[in-house]
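Let's take a friendly walk through this model, one piece at a time. Keep the sequence and the 3D view open as you read.

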Amino acid sequence: MNKHRLFLIRVSVVSVLCLLLSLGASVILEPKFYNDKAIATTVTFRSFYAMQKDTVDVLFAGSSHAVCGYSPQYLYDHFGIRSFNLGSDEQNMIITYYWLKEALKYQKPSAVVLDTVICFDLDIAENNINEPSVRKAIDPMRLSLNKINAVNDFVRINPAESKLSYYIPALRFHERWKNLEYYDLHFFEKQSYDMKGYSLLTNKTEPFEYHPFTVETDEQSTMVPLMKEYLNRITELCSDHGIKLILVKTPCYQASYAKYNTLRQYADENGLDYYDYNLKELYDLINFDFSEDMSDPGHANVYGAEKLTEHIGQILSGTIPAVEDSQWILSRDYYCQKKEQKPQKDN
Amino acid sequence: MGYTDFSYCLLVLCALAAYYILPLNRRWTVLLTAGIVFYAFNDLKALPLVLLTAVFSFFAGKLLGRNKSKVLYICCAVISALPLLSKVILSFAGIPFAGWLVPLGLSFYSLQIISYLTDVYTGKISPQENCLKYILFITYFPQIIQGPIPRYEQLGHQLFEGHRFDEDKAVRGLQLIIWGYFLKLMIAEKAAPFVNRIFADCYSYSGIIPLLAAALFIIQLYADFLSCVTLSQGVSLLFGIEVADNFRRPVFAESISEFWRRWHLSLSHWLRDYVYFPLGGSRKGKLRKYLNIIVVFIISGLWHGVGINYLIWGLFHAFCQIAGELTMPLRTGLCRAIRMPALLRTYIRRFNTFLLVVFSMFFFRAYGTSAGLYMIRSLFMRTGSSLPDLFSLGIDRYDFAVLAASLIFLLIIETLQEKGISVCGIINKKPFAVRLGIYLAAFLVILVFGTYGIGFDSGQFIYGMF
């Protein structure tokens, strides 16, 4: 019996060491979206966990349009409102839903500002669920019930994915040994958390023919059913927690009046605020200039982001009081430095 | 639930826990349950047909135990093999058939049933009296999908008698499981993208590329099949059950006939015992012997797949075996005349055998006879594709390097085994810390350098399709 027990102990030791090796390999092999990337998704979520508890009053969420469109630093500097940008590349509504649930464990926001571009078919992947983008957002999530539920949902939707690989990322990214980058081997180097999820772009878009909506129509677009399902869940989640949910659409080439109509109707039915800055009226109100305020036809640059944030600040300043918080005060210089940097864009 | 899936690991762990908790005389029920669960997860629709066939052959066996009528035996064997025969006939006739008619592992368990019935009929074994135990013999989960084709007298009693936990066997089992994963993920799956690409688009390549694809395919096939059998042996050893070897290092074969004494042994032995010997074997003259060889290889070809190309593949092997035997005196005389060193002769013979096997793969793997013939012709054509494009054909230079290193490692291990040296034995004599280091290194190498995950179907095994 003792011999068998010793064998079991040995097997357990080997198993635990194998697991630790896998997790160690994962640290090196999983892709890292640090501050050297235009959208530093890994840093975004790590820095969110690093925030002091119950200090964030507003959360921005959504795809890269939201990431580049809303500056928490600007919102704090001009309105004293403490916010964090939880957006990520091609963040679909499922990611948003689970990240909001996760965020609510650490923060008690009064408002959530959600970009809606992902509600409609963007031709990026089936149901707008692009596996690499899912991984970017879900991999940095701490092991929790939210992560388990999110993983279960994604694997249910796409059975080709492996649940286990979400917990041991090396199983998914092991092929990356062929093209490891600097930060894969220097993963321990400290990253600045000062941007609070915002991606500051300073370049201006190449000439692009864009016109805000001027011609009214009754046409409607169809939301991707899965995105609508999770938008409903987000609405419910915010309602349950007494959070004001604000739907937005930043200026972009994918917008249309038909999409606006669909979301307008959705917002009205659910008692939500909805601001589509592609509407001429709003576009002019915030003094947006597509050629000056966009980094590319989809993403706002810092000048555009400040205009968009300014508008949201005006809306929220009546309900959310200004608070002094060193987390935003100390990051001011870094933000200004980044803003002064010469335009550069990589991803 | 493939043999490399996490869910399969969970099934094995649960089965192991239950197996060693239950009293010795009940332990076989765990294997039976695991077999049914495993099959249900993989091919639920076909499960009734498998069970029906098993139950029928169980009663057929009991009947044959009492009544040794040849007609009865033939009827029982034919009815038991009806799904397999239907598949062959319907496929040849081009008639589509439902998936449940071709259960997973059909080709393997059909031969298993025929061998059981034949052995009962000839009195070699006594029929099993317990239907559930017989079903366990047919559905034993580590080997039902891809064999090897077990013999009742070799496997049956091992399944039914409960085994006490044996540490030595368990260690050997775990070592075999690691080795199985190495073969599958570092060799078979590594070679697959290149092979698949060239054979799928065979009309676009010529020169050395098709030859390399055929060579890589036989390596892929070997590693894939060997890995499945090794995993089966490894998992079985955890239950204290010994599954017979199915390969004996075919790379060292010096002729086609020796190749078949080293490759897919369970099928070769089955064909020898239930086809070749009953036909008279080599006892009825040379001509009859060669005819018997042809018959055996025709059956082997049809067993592997329905299509003229499989028949040609079988006939090619028969031809090589017969020609090899006929020209043996001439070749031996020639070697003596030019005083060729024995070692050189051995290597030349091995190389020739390898080339012949590679050549036969053009029929075995190609999508039809004309595609196979075209690939052979293309070996002598000069067109656009050439070596510089090699790394853009499904495997990049890094994976080629890993594949090459893995093949060298496999060759070293097989050379040691051929010399009678047990690599597991060497490892087991090392201190625990050294063994631990070896296991962890193997795990890490397979984890990082293996080919698996999204875009790869490493859960499937090639022989599972036959």
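This is a predicted model: local features need pLDDT of at least 70, side-chain atom pairs count only at pLDDT 80 or more; totals for chains, interfaces and linings use all residues.

## A strand in chain A

Start with strand β1 of chain A, residues 58–61: V58(A) and F60(A) point one way, L59(A) and A61(A) point the other way, and all are buried.

Which strands does β1(A) pair with? One is β2 of chain A (residues 83–85), which runs parallel to β1(A) and is joined to it by three bridges. Here F60(A) sits opposite N85(A). Another is β3 of chain A (residues 111–115), also parallel to β1(A), with four bridges between them. In this pairing, A61(A) has L114(A) as its bridge partner.

## A helix in chain A

Now find helix α12 of chain A, residues 257–270. Its 14 residues reach 20 Å from first C-alpha to last, close to the 20 Å expected at 1.5 Å a residue.

Quite a few residues of α12(A) are buried, including Y257(A), Y260(A), L263(A), Y266(A) and A267(A). What covers the buried residues of this helix? The cover includes α11 (225–240), β4 (244–249) and β5 (273–276), which belong to chain A.

## Two domains in chain B

Over in chain B, the domain assignment gives domain 1 (6–160) and domain 2 (166–466). The C-alpha centres of these two domains lie 27 Å apart. Their contact takes 33 residues from domain 1 and 35 residues from domain 2.

How much area do domain 1 and domain 2 of chain B bury between them? It's about 2800 Å², with 65% of that on carbon and sulfur atoms.

In soluble globular proteins, nonpolar side chains tend to be buried together. In this model, the largest nonpolar core has 148 residues, and F141(B) and F194(B) touch the most other members. Helix α10 of chain B (residues 208–238) gives the most to this core, with 18 residues. Domain 1 and domain 2 of chain B each supply at least three residues to this core.

Zoom in on F194(B): leaving aside residues up to four places away in sequence, F194(B) touches several others, among them I209(B), L212(B), L216(B), L390(B) and F400(B).

Technical notes
Residues are numbered from 1 along each chain as its sequence is written. Chains are lettered from A and ligands numbered from 1 in the order in which they are written. Side-chain values use heavy atoms; hydrogens and water are left out. A nonpolar core is a set of buried Ala, Val, Leu, Ile, Met, Phe, Trp, Tyr and Cys residues joined through side-chain atoms within 4.5 Å. Buried means under 20% relative accessible area, exposed over 50%, partly exposed in between (1.4 Å probe, protein chains only). Helices (H or I, at least four residues) and strands (E, at least two) are DSSP runs, numbered from the N terminus. Domain bounds come from an automatic or database domain assignment. Contact means heavy atoms within 4.5 Å. The expected span of a helix is 1.5 Å times one less than its number of residues. Two strands pair if DSSP finds at least two bridges between them. Buried area is the accessible area (1.4 Å probe) that two parts lose on being put together, summed over both.
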